[in-house]
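Here's a quick briefing to read with the model open beside you. Have a look at the sequence and the fold, then go through the points below.

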Amino acid sequence: LIETSGAGKNLRHLIVGVGINVNQSAFPEELGGQASSLRLATGKNQSRPEILLAVLRGLEKWIDLWRGLGSAPIIDAWLKYAPWVGEEIEVKTSTGIECGVAVGLNPTGALILEDGLGHRREIHSGDVTLIGSV
């Protein structure tokens, strides 16, 4: 989750919310295998301070990259890990539900969604679900 004030070179602040399941060994049944933790992935307890330090160092590298080169290399890197690009998705927004094929992201990070008629629109916030995984 990212909240910003300002835009482009006039960005005043950026608030990043990150959730990391560190040492959980089990999750509620309703999560149905959707959630995991570093402990489950590695088989051992993790140091929360060390995880926090690694996350902050990594974030600092991305911020420096953005300051030097803008959003393009960050968006390119992010899209390499986006399983929904080229897939039919549903996006729950504050104004309703949008369906279409996820084309990618625009230079500001907005989702580009294409409907069945080839019309594209930008989605700036919402919850994305792969249609085939609902």
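**The core and what surrounds it**

The largest nonpolar core has 10 residues in all: I75, A82, W84, I89, V91, A102, L105, L111, L113 and I123. Here a nonpolar core means buried Ala, Val, Leu, Ile, Met, Phe, Trp, Tyr and Cys residues joined through side-chain atoms within 4.5 Å. Buried means under 20% relative accessible area, exposed over 50%, and partly exposed in between (1.4 Å probe, protein chains only).

Keep in mind that this is a predicted model: local features need pLDDT of at least 70, side-chain atom pairs count only at pLDDT 80 or more, and totals for chains, interfaces and linings use all residues. Residues are numbered from 1 along each chain as its sequence is written, and side-chain values use heavy atoms, with hydrogens and water left out.

- At least two core residues come from each of β3 (88-93), β4 (96-105) and β5 (111-114).
- Strands like these are DSSP runs of E, at least two residues long, while helices are runs of H or I with at least four, numbered from the N terminus.
- Leaving out residues up to four places away in sequence, I123 touches V91, T93, E98, A110, L111 and L113, where contact means heavy atoms within 4.5 Å.

**Two helices packing**

- Helix α2 (residues 48-69) packs on helix α3 (residues 72-79) at about 130°, and their axes are 8 Å apart.
- Those axes are lines fitted to C-alpha atoms over the stretch in contact, with angles running from 0 to 180 degrees between N-to-C directions.
- That makes α2 and α3 oblique to each other; under 35 degrees counts as roughly parallel, over 145 as roughly antiparallel, 65 to 115 as roughly perpendicular and the rest as oblique.
- On the α2 side, W62, L65, W66 and L69 make the contact, and on the α3 side it's P73, I74 and A77.

**F27 out in a loop**

- You'll find F27 in the loop between β2 (13-16) and α1 (38-42).
- F27 is partly exposed, at a relative accessible area of 25%.
- Apart from neighbours within four places in sequence, F27 is in contact with N21, A35, S36, S37 and L40.

**The whole protein**

- The protein has 3 helices and 7 strands, in the order β-β-α-α-α-β-β-β-β-β from the N terminus on.
- Its C-alpha trace spans about 50 × 40 × 25 Å along the principal axes.
- Of the 134 residues, 18% are buried.
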